[in-house]
Amino acid sequence: MKTTISQAAKHKDQEVTIGAWLTNKRSSGKIAFLQLRDGTGFIQGVVVKNDVSEETFQLAKSLTQETSMYITGKIVEDTRSSFGYELQVSDIEVIQEAVDYPITPKDHGTEFLMDHRHLWLRSKKQHAVMKIRNEIIRSTYQFFNENDFVKIDPPILTGSSAEGTTELFHTKYFDEEAYLSQSGQLYMEAAAMAFGKVFSFGPTFRAEKSKTRRHLIEFWMIEPEMAFVDHEESLVIQENYVSYIAQSVLKNCKLELEVLGRDTTKLENIKAPFPRITYDDAIELLKEKGFDDIEWGEDFGAPHETAIAESFDKPVFIINYPAAIKAFYMKPHPERSDVVLCADLIAPEGYGEIIGGSQRIDDLALMQERYEQHGLTGPAYEWYLELSKYGSVPHSGFGLGLERTVAWLSGVEHVRETIPFPRLLNRLYP
Ligand code: 4AD
Ligand code: MG
């Protein structure tokens, strides 16, 4: 019967055929151990000389890395492997022999692996990271569906900018100028007024000249937006959401976390509520930690975020940043107009900001003032102003960066390994 490695447990003690690739092999005079993968998982095939034809045994010993095949055998329990099963091979039918596969089991440099990303994705580690990414996406949809959010898809080609104009990707839109979306937020605000609670999941683009382990040029964002929800209420949804995806990964990605050597005790603790610290207190904390030259009004960089996160064993919300360093749409604090009702959620262990969010301005006069300050004119922005005019209500939303979240939960160092085909400052291929 034809099956997959992921279904092995259901076929214990049965003979099955699996379409697979060879990842590695070890053999002696009487036995060959084949490391096999089929995309759904990894399993060891054992070929015993006395149990198969001489031809099959010689074939098993000569198989090269990434050769594709149909392999037949009995699924048996194997308590020594973390997967729990192995395949007692009886027959092998090669589909295509792979010659000189470039990524060998030895160590390769990062640039070499990135150049071969189309092949590197097959490796056990990359497979584990992508499965965790998939689990975060799956549990994201589950969380928002269970909480009555409607999935809404904002456009990718836009005429407006939510997060400032310095990092926009420009493109021609027939005779007009367009940008690739850097955030779907403005459209999600329109959608929240139509559907109450909405979320989006899609690619966003930032022409950022940053070459750090946290920055991608193209990354995926989850952007919920909620009508009749204030900043405090939004923080509760954020911490519940992040706890939910962390616990889902812990529960459903045990093998993957093991492959990655992730310290899971650090993730078990990721349960709401999360601590909150004001921007003002964060400045004080940084000064205590020896950042002598940080001044009130400055934005935090990666070293600052890491230092703040070190004081907490869960993600921490930094709330109420200075208005001057945040986006035009954020609602001022009711008692202090110099700060806004916003929060960045900083992941533990140096992974940095994973969420940026805020309560939005819902007052027409104030929004008009912001339009003037920021020079927002023309048809690309007129429609957004109308949202403050026709039945405006308190509303809040946030954006979670998928790749930084994958990096944190997987425990991988750099976001380039958290997206199938990363777009980086110096990389558009493969
Ligand atoms: O903080 P940001 O810029 O917030 C927004 O875009 C809001 N409009 C979202 C909203 O309220 N709907 O970006 C949100 C998150 C960041 O916290 C970070 O996790 C991620 O997006 N992010 C990046 N991830 C990878 N590479 C980059 N260059 C990123 N820039 C932001
Ligand atoms: Mg931000």
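**From one residue to the whole chain**

Reply: Let us begin with Gly-357, which is buried, because 26 other C-beta atoms lie within 10 Å. The cut-off behind that word is 20 or more such atoms. Please bear in mind that the model is a predicted one.

Me: In which element does Gly-357 lie, and which residues does Gly-357 touch?

Reply: Gly-357 is part of strand 18. Leaving aside residues up to four places away in sequence, Gly-357 touches Ser-234, Gln-238, Cys-342, Ala-343, Ser-396, Gly-397, Phe-398 and Gly-399. One of these contacts can be given as a distance: Gly-357 and Gly-397 are separated by 40 residues in sequence, and by 5.7 Å in space from C-alpha to C-alpha.

Me: How should I read the pairing of strand 18 with strand 17 and with strand 19?

Reply: The general idea is that strands of a sheet pair through backbone hydrogen bonds, in either a parallel or an antiparallel sense. Here, strand 17 (residues 342–347) and strand 18 (residues 352–359) run antiparallel and are joined by six bridges. Within this pair, Cys-342 has Ser-358 of strand 18 as its bridge partner. Strand 18 also pairs with strand 19, again in the antiparallel sense, over five bridges.

Me: Are the faces of strand 19 covered or open?

Reply: In a regular strand, the side chains alternate between the two faces of the sheet. For strand 19, both faces are covered. One side carries His-395, Gly-397, Gly-399 and Gly-401, the other carries Ser-396, Phe-398 and Leu-400, and all of them are buried. In count, seven of the seven residues of strand 19 are buried.

Me: How many residues surround ligand 1, and which elements contribute to that shell?

Reply: Ligand 1 is surrounded by 23 residues, of which the closest are Ser-183, Gln-185, Gly-356, Gly-399 and Gly-401. The elements that give two or more residues are strand 12 (218–227), strand 18, strand 19 (395–401) and helix 13 (402–410). Strand 18 supplies the largest share, five residues. By class, the shell comprises eight nonpolar, eight polar and seven charged residues.

Me: Which residues have the most contacts inside the largest nonpolar core?

Reply: That core has 72 residues, and Ile-132, Phe-317 and Ile-318 have the most contacts inside it. Helix 6 (residues 231–252) gives the most to this core, with eight residues. Another core lies apart from it, with 22 residues, among them Ala-20, Phe-57, Ile-71 and Ile-75. As for Ile-318, its contacts beyond four places in sequence are Ile-277, Tyr-279, Ala-282, Ile-308, Ala-343, Asp-344 and Ile-346.

Me: Is Ser-243 buried or partly exposed?

Reply: Ser-243, which has its place in helix 6, is partly exposed, because 19 other C-beta atoms lie within 10 Å. Beyond four places in sequence, Ser-243 touches Ile-270, Lys-271 and Ala-272. Ser-243 and Tyr-371 are 128 residues apart in sequence and 37 Å apart in space, C-alpha to C-alpha.

Me: What does the chain look like as a whole, and what does UniProt list for residues 130–430?

Reply: The protein chain has 13 helices and 19 strands, and buried residues make up 37% of its 430 residues. Its C-alpha atoms fill a box of roughly 85 × 55 × 40 Å along the principal axes. Of the contacts with a separation of 6 or more, 66% are between residues 24 or more positions apart. For residues 130–430, an unreviewed UniProt entry lists "domain: Aminoacyl-transfer RNA synthetases class-II family profile". That span is 36% helix and 23% strand, and its end C-alpha atoms lie 17 Å apart.

Methods. Residues numbered from 1 in each chain as written. Chains lettered and ligands numbered in written order. Predicted model: local features only at pLDDT ≥ 70, side-chain atom pairs only at ≥ 80, totals over all residues. UniProt positions renumbered as here; feature names shortened; annotations may be inferred. Helix = DSSP H or I, 4+ residues; strand = E, 2+ residues; numbered from the N terminus. Pairing = 2+ DSSP bridges. Near = placed C-beta within 6 Å. Nonpolar A, V, L, I, M, F, W, Y, C, P; charged D, E, K, R; others polar. Buried ≥ 20, exposed ≤ 12 C-beta atoms within 10 Å, placed from the backbone. Core = buried A, V, L, I, M, F, W, Y, C linked by C-beta atoms within 7 Å. Contact = placed C-beta atoms within 7 Å.
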